[in-house]
Amino acid sequence: MIRARALFWTLLAAVVVVGAAIAGVVVVMRRGPAGVPAELVPASWAEYRTSAGHEAHVGEGKAACKDCHDYDREGFKNPGSAPCRRCHDVEAKHAHPSSPQGSKIDCLGCHSFSPDKPSATCIGCHAVPQGPQAGIHEHATTDCAACHTMHKEPFTAAADCASCHTDEHATQHSQHEGSKGCADCHAPHTPAVAAASTCSTCHAQPAGPKPAGHDSCIGCHKPHDFVAGGASACVGCHGTKPTLAAALAPAHGICTSCHTPHAPAAAASSCQGCHSSVHLTHDESGKCTGCHAPHGDPETEVTACTSCHTKVALTDTGAHEGGASCVGCHQGHDFTPPSKPALCDKCHGAEVRAASTNHGHSDCTTCHGASTHAPTAAPACGSCHAKEQASAPSGHQKCQGCHEPHSGAPTVRATCTNCHANKASGPHIAVQGGCETCHRPHGPNGVPSPPPCASCHTAAQLPALHTVQAHGACGSCHSSHEPPRSDRATCTGGCHADRRDHQPQAAVCTGCHVFRK
């Protein structure tokens, strides 16, 4: 009884403590912004009020909860961007465009009211391409507001470049009539080096004397001070040309890497300036441009071999029965392929290794002809192995049925019982040497016959009634692939006819007349 009372008071005390704790939580949860009934305040209000959007509006006293939330009817659900227009109608009309078609970004796309999502930054979106707009790299760390206004027209009002770039000299260039200063050559978010390709838009036909073979001074004058020896603008005269492997070799994209301003036609011999380690044996002229078109398709690094070698194949992958490309056997600069079978080993390694164990098959050309471009089909085995072909019995005429064609060795599946399944059992199945002890698949000395039984089973070794001279004809009771016959019909059918009625109830004679000890 005493223990029961103690347990009761202990449980009652626990209930009181838990109840007090719950009441405390309810009180904490119901604390909320002024003017909002406690029962309408959600548990998450304390977390949301610290977000950037709520701090800027509610925290600074610019707005009350009721201005955006209809908490009497809908509670504190996300009201979307509709309430923004009540105070920010001008900004909403000049919202940030989200597409070339003119659609606008929702206010909440940049201004966050969520505690786990900071307000967006310009570079957060524009570090990567946005539709037709390239990703911002140049000036990416500069305050965007220096040149852009988010909610006004015009959207862009560029700052004076000289306020930052005080070390540039454009005293001569900027004096041109109608000049826009730095914007003549530079785009705000494009790397400065890109300006070198824009010179020809203004200076395509400069006046005054020109170097021999040129019509523009861009290749010799620096853009900022027009002193000779500056950046190149070859495209002003020669236009934009596709350049071989420009994406992989930046030097190929610079005209002066191959062309000198006063002798541009000598470019064909300039390759060795960078590629001195390449030793050309393919073209006797020694010119790389015989195979590499410097201003052809930039994705095509080498001209098709069959553009010259038309007798080999129709396409560069049409040789060797259409199964190999030219560069599979020939190196681009050293056109002499390795000797066979090393050449064949590149693709046919397993066959070459197999043939190396067979002296007669070790030279690939023996069976496949001397032409690598148009190999011949392997001839019939009988063209070399005529005696074996002629002496093979019926069913053994197809050599590949038992032999691997390159090594000549019997294949894994070349066992007699694969074809002669009915011979898979019998008294000779366990004979050492297998079927070939008595049979040969082919000559070369003609189709062999099985040897006589006595070649293995000599009379002196035969037990019991085998020694009787009348039993010397083995085939009377035995066959090569079946058990010996000892039924009454065998014994009394031809030899012991006078014993047909002897012990008629006996099924076999060997019950009494034994042939085994």
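Visitor: Let me start with Val327: is it buried or exposed?
Guide: Bearing in mind that this is a predicted model, Val327 counts as exposed, with a relative accessibility of 58%.
Visitor: And which helix does Val327 lie in?
Guide: Val327 lies in helix α11, which covers residues 326-329. Its C-alpha atom is separated by 9.1 Å from that of Cys305, a residue 22 places away along the chain.

Visitor: Changing topic, how many aromatic pairs turn up in the whole structure?
Guide: A search of the whole structure finds one aromatic pair. The partners are Tyr71 and Phe76, and their ring planes stand at 10 degrees with the centres 5.2 Å apart, so the pair is stacked.
Visitor: Why does that angle make it stacked?
Guide: The planes of Tyr71 and Phe76 are at 10 degrees, and planes under 30 degrees apart count as stacked. In general, a pair of aromatic rings is described by both the distance of the centres and the angle of the planes.
Visitor: Is Tyr71 buried or exposed?
Guide: Tyr71 is buried, having a relative accessible area of 9%, whereas Phe76 counts as partly exposed at 27% relative accessibility.
Visitor: What lies over the face of Tyr71?
Guide: Lys66 lies over that face, at 4.6 Å from the centre of the Tyr71 ring.

Visitor: Now for charges: how many salt bridges does a search of the whole structure find?
Guide: The search finds seven salt bridges.
Visitor: What about Glu74, which side chain does it meet in a salt bridge?
Guide: The side chain of Glu74 meets that of Lys77, at 4.0 Å from N to O. Glu74 counts as partly exposed at 45% relative accessibility, and Lys77 is partly exposed too, with a relative accessible area of 47%.

Visitor: How far apart are Asp89 and Lys93 in helix α6?
Guide: Asp89 and Lys93 are four residues apart in helix α6, so about one helical turn separates them. Their side chains meet in a salt bridge, with 3.3 Å from N to O. Asp89 counts as partly exposed at 32% relative accessibility, whereas Lys93 counts as exposed at 58%.

Visitor: Last one: where does Lys104 lie?
Guide: Lys104 lies in the loop between α6 (89-93) and α7 (122-126), and it is partly exposed, with a relative accessible area of 46%. The C-alpha atoms of Lys104 and Lys93 are separated by 9.0 Å, although the two residues are 11 places apart along the chain.
Visitor: And which residues is Lys104 in contact with, leaving aside its neighbours within four places in sequence?
Guide: With those neighbours left aside, Lys104 is in contact with Ala95, His96, Pro97 and Ser98.

How values were computed: Residues are numbered from 1 along each chain as its sequence is written. This is a predicted model: local features need pLDDT of at least 70, side-chain atom pairs count only at pLDDT 80 or more; totals for chains, interfaces and linings use all residues. Side-chain values use heavy atoms; hydrogens and water are left out. Rings of Phe, Tyr and Trp (its six-membered ring) pair if their centres lie within 6.5 Å; planes under 30 degrees apart count as stacked, over 60 as edge-to-face and the rest as tilted. Buried means under 20% relative accessible area, exposed over 50%, partly exposed in between (1.4 Å probe, protein chains only). A charge sits over a ring if NZ of Lys or CZ of Arg is within 6 Å of the ring centre and within 35 degrees of the ring normal. Helices (H or I, at least four residues) and strands (E, at least two) are DSSP runs, numbered from the N terminus. Contact means heavy atoms within 4.5 Å.
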